[in-house]
Amino acid sequence: MQGEIKEGFCFNNMKALILVGGFGTRLRPLTLSVPKPLVDFANKPMILHQLFNFFLSLPGNLCYRFASGLTIEALKAVGVTEVVLAINYQPEVMLNFLKEFEKKLEIKITCSQETEPLGTAGPLALARDKLIDDSGEPFFVLNSDVISEYPLKEMIEFHRGHGGEASIMVTKVDEPSKYGVVVMEETTGRVEKFVEKPKIFVGNKINAGIYLLNPSVLDRIELKPTSIEKEVFPNIAAENKLYAMVLPGFWMDIGQPKDYITGLRLYLDFLRKQSSPDLASGSHIIGNVLVHESAEIGDGCLIGPDVAIGPGCVIESGVRLSCCTIMRGVRIKKHACISGSIIGWHSTVGRWARVENMTILGEDVHIGDEVYSNGGVVLPHKEIKSSILKPEIVM
């Protein structure tokens with residue numbers, strides 16, 4: 001079911017709440033250095049992917065070009081005014097980082113700080129005064145761990161068309177028994193019920209963590225720890241006022257290392273399909289690879305598939321990289337081999353070292369020459385002189 005937006009339609013005071021959350025324990029040791037939304041993903045902090053894609057997806061005509069290569073539609077043309085970050089950990093760090101982007105995007109970015117964890121619905125009640133005004137326009141809610149294509153213009157059309165109280169994005173998965181499944185009418189998108197980790201097949205669509213809500217939804221939420229998925233949405237669905245739209249394209253919750261690596265593959269594949277000029281090319285490149293323009297690549301390297309190399313990195317000669325992220329300021333010395341791993345900011349991997357099997361190096365970690373890491377999770381500011389033969393945390 002698709003509604004239509006009238007020609008020239010403009011949303012006044014359109015707003016969005018991003019559920020940033022707390023300590024990012026699933027992404028440690030990376031989140032020991034920065035809040036989770038500032039962890040790099042594909043050479044940009046996660047939060048910037050959401051801000052850029054949010055504005056890119058909204059209807060409008062004018063656009064800006066930034067050094068990142070993303071095209072961002074002019075915000076004044078659509079009346080977007082404010083993004084609220086719901087956060088309970090280091091809000092001042094987030095705001096300081098986002099100041100320059102607030103100016104570039106000509107948008108107001110504020111924080112709504114929790115003094116205690118409020119779940120996924122409580123933060124909406126806390127930010128109520130920031131989200132609603134006299135316009136009565138719906139607002140977006142996004143989960144900060146999610147990356148996707150964000151077809152928000154289409155979601156607005158869908159929401160206007162069905163006339164319900166809330167819209168959610170759903171995505172198809174291969175193993176629905178691991179998730180809470182959304183059971184919906186295929187023709188209209190009306191949500192019938194939610195089934196948590198079903199033992200028999202009831203559907204293959206799950207909540208994608210992207211919502212468009214009427215202000216009246218806030219009247220359903222008390223200022224206390226509350227789950228929007230398990231408490232609020234089922235009540236709206238019971239009144240036949242909740243509708244789901246199937247998300248086209250890729251989707252991934254990148255809140256833990258394994259899914260982060262998978263998400264990188266999906267994102268780079270998306271860039272390939274978009275013929276993005278940001279993807280690297282050359283005889284030393286295999287598949288989809290991002291290399292920041294300031295990075296240095298030595299002779300005889302073989303890089304890819306599914307690799308992101310950040311700014312200021314030095315990749316010495318003979319290095320082999322696959323399915324990994326190399327963050328800002330990292331040096332990979334001659335003939336090292338890295339696969340299926342995340343190398344944190346300003347770290348070093350020694351000559352002939354081998355790093356694999358979801359090894360995660362925190363900031364400023366130094367792996368010695370000829371050292372092997374098999375799934376090591378190394379906290380920041382450590383020097384590793386002997387091999388890590390099985391997955392373990394190095395304090």
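Two strands are said to pair if DSSP finds at least two bridges between them, and the strands themselves (E, at least two residues), like the helices (H or I, at least four), are DSSP runs numbered from the N terminus. The model is a predicted one, in which local features need pLDDT of at least 70 and side-chain atom pairs count only at pLDDT 80 or more, while totals for chains, interfaces and linings use all residues. Residues are numbered from 1 along each chain as its sequence is written, and side-chain values use heavy atoms, with hydrogens and water left out.

With strand β21 (residues 320–326), β23 forms a parallel pairing over six bridges, in which Cys324 is found opposite Ser341 of β23. Five of the seven residues of β23 are buried, so the strand is mostly covered, where buried means under 20% relative accessible area, exposed over 50%, and partly exposed in between (1.4 Å probe, protein chains only).

The charged side chains can be followed next. Side chains of opposite charge can pair when their charged atoms come close; a salt bridge is taken here as a side-chain nitrogen of Lys or Arg within 4 Å of a carboxyl oxygen of Asp or Glu. Across the whole structure, 12 salt bridges are found. One of them joins Asp219 and Arg128, with an N to O distance of 3.0 Å; because Asp219 lies in the loop between β13 (205–213) and α6 (228–238) and Arg128 in helix α4 (residues 128–131), this pair ties together parts that are 91 residues apart in sequence. Asp219 is exposed at 58% relative accessibility, whereas Arg128 is partly exposed at 29%.

A further salt bridge links Arg220 with Glu239, their closest N and O atoms being 2.7 Å apart. Arg220 belongs to the loop between β13 and α6 and Glu239 to the loop between α6 and β14 (242–246), so that parts 19 residues apart in sequence are tied together. Arg220 is partly exposed, with a relative accessible area of 28%, and Glu239 is likewise partly exposed, at 39%. Glu239 also meets Lys241 in a salt bridge (3.7 Å, N to O), and Lys241 is partly exposed at 35%. Through shared partners, salt bridges join Glu165, Arg220, Glu239 and Lys241 into one network.
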